[in-house]
Amino acid sequence: GLGNIKLFYMELDRDISKSQRHKIPCTLMLVKLPYYKDIKNIIGENKTNKLIKDISDVIVNSTRNEDERYTIENDTIAIIMSNTDKDGAMVVKERIKQGIADLNLRLRDQKYYVDIDTKISIVQYSENIKSAMEFKLLAEEELQYDV
């Protein structure tokens with residue numbers, strides 16, 4: 001149920017334009033599964049795909065209907081949050097982290113011997129960001145600071 005990278009860039013360009021024109025906040029969140037390849041090697045491709053679906057469900061349930069969600073890489077989901085500032089996005093981040101913690105408990109109950117860890121970055125649009133690609137790059141750089 002998530003959009004692809006092409007739709008992501010089209011929608012991000014549109015939201016940047018709206019944010020500039022109407023002076024409303026727009027925030028980009030990236031959710032990355034840092035050990036994707038290792039998990040895939042441990043539990044196999046089918047179970048990894050199910051796991052990504054479960055993580056996607058956590059993200060969909062933690063965000064609003066108007067938030068746009070995209071798979072931009074096998075291990076990365078992007079969320080464009082219109083009319084949301086960084087503080088509002090932090091609330092969503094905490095919901096996602098709690099949902100992933102609950103998912104880990106269910107996985108342990110099902111005897112999956114893998115812990116899911118996510119890195120989540122949040123960047124609010126500002127006028128010095130010139131393009132959707134730059135916006136995404138800033139969010140990717142922020143991923144290294146999520147511990």
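This is a conversation about how some labels in a predicted model follow from their definitions.

Biologist: What should I keep in mind about the model?

Modeller: It is predicted, so local features need pLDDT of at least 70 and side-chain atom pairs count only at pLDDT 80 or more, while totals for chains, interfaces and linings use all residues. Residues are numbered from 1 along each chain as its sequence is written, and side-chain values use heavy atoms, with hydrogens and water left out.

Biologist: Happy with that. Why is M81 called buried?

Modeller: Buried means under 20% relative accessible area, exposed over 50%, and partly exposed in between, with a 1.4 Å probe and protein chains only. M81 has 0% relative accessibility, so it counts as buried. M81 lies in strand β3; strands are DSSP runs of E with at least two residues, helices are runs of H or I with at least four, and both are numbered from the N terminus.

Biologist: What does M81 touch, leaving aside its neighbours within four places in sequence?

Modeller: A contact means heavy atoms within 4.5 Å. By that rule M81 is in contact with P25, C26, T27, M29, R64, D67, A89 and V92. M81 and L28 are 53 residues apart in sequence, yet their C-alpha atoms are 6.2 Å apart in space.

Biologist: D67 is on that list. What makes D67 count as buried?

Modeller: Its relative accessibility is 2%, so D67 counts as buried. D67 is found in the loop between α3 (45–62) and β2 (68–73). Not counting residues up to four places away in sequence, D67 touches I79, I80, M81 and S82.

Biologist: And why does S56 count as buried?

Modeller: S56 comes out at 11% relative accessibility, so buried is the label here too. This residue lies in helix α3, and S56 touches L2 and I77 once residues up to four places away in sequence are set aside.

Biologist: Why is L105 called partly exposed?

Modeller: The value for L105 is 49% relative accessibility, so L105 counts as partly exposed. The place of L105 is in helix α4, and its C-alpha is 16 Å from that of D57, 48 residues apart along the chain.

Biologist: What is found at the start of each helix?

Modeller: At the start of α1, a side-chain oxygen of N4 reaches to within 3.2 Å of the backbone nitrogen of K6. At the start of α4, a side-chain oxygen of D85 reaches to within 3.3 Å of the backbone nitrogen of D87.

Biologist: What makes the phi of K23 worth a look?

Modeller: Most residues other than glycine have a negative phi. K23 has a positive phi of about 55 degrees although it is not a glycine. K23 sits in the loop between α1 and β1, and at 61% relative accessibility it counts as exposed. N83 also has a positive phi of about 55 degrees and is not a glycine; N83 is found in the loop between β3 and α4 and, at 51% relative accessibility, counts as exposed.

Biologist: One last topic, then. How many cavities of 30 Å³ or more are there?

Modeller: A search of the whole structure finds 1. On a 1 Å grid over the protein atoms alone, a cavity is a set of points where a 1.4 Å probe fits but cannot get out, and lining residues have an atom within 4 Å of a point. Grid points are joined across faces, edges and corners, and the volume is the space filled by probe spheres set on the points.

Biologist: Which residues line the largest cavity?

Modeller: They are V31, K32, L33, I52, I55, T71, N74, D75, T76, I77 and T118. The elements giving two or more residues to that lining are β1 (26–32), α3 and β3 (76–82).

How values were computed:
On a 1 Å grid over the protein atoms alone, a cavity is a set of points where a 1.4 Å probe fits but cannot get out, and a pocket is an open set with protein on both sides within 12 Å along at least five of seven lines; lining residues have an atom within 4 Å of a point. A polar contact is a pair of N or O atoms within 3.5 Å; within protein, one must be able to donate a hydrogen and the other to accept it, and residues adjacent in sequence count only if both atoms are side-chain atoms.
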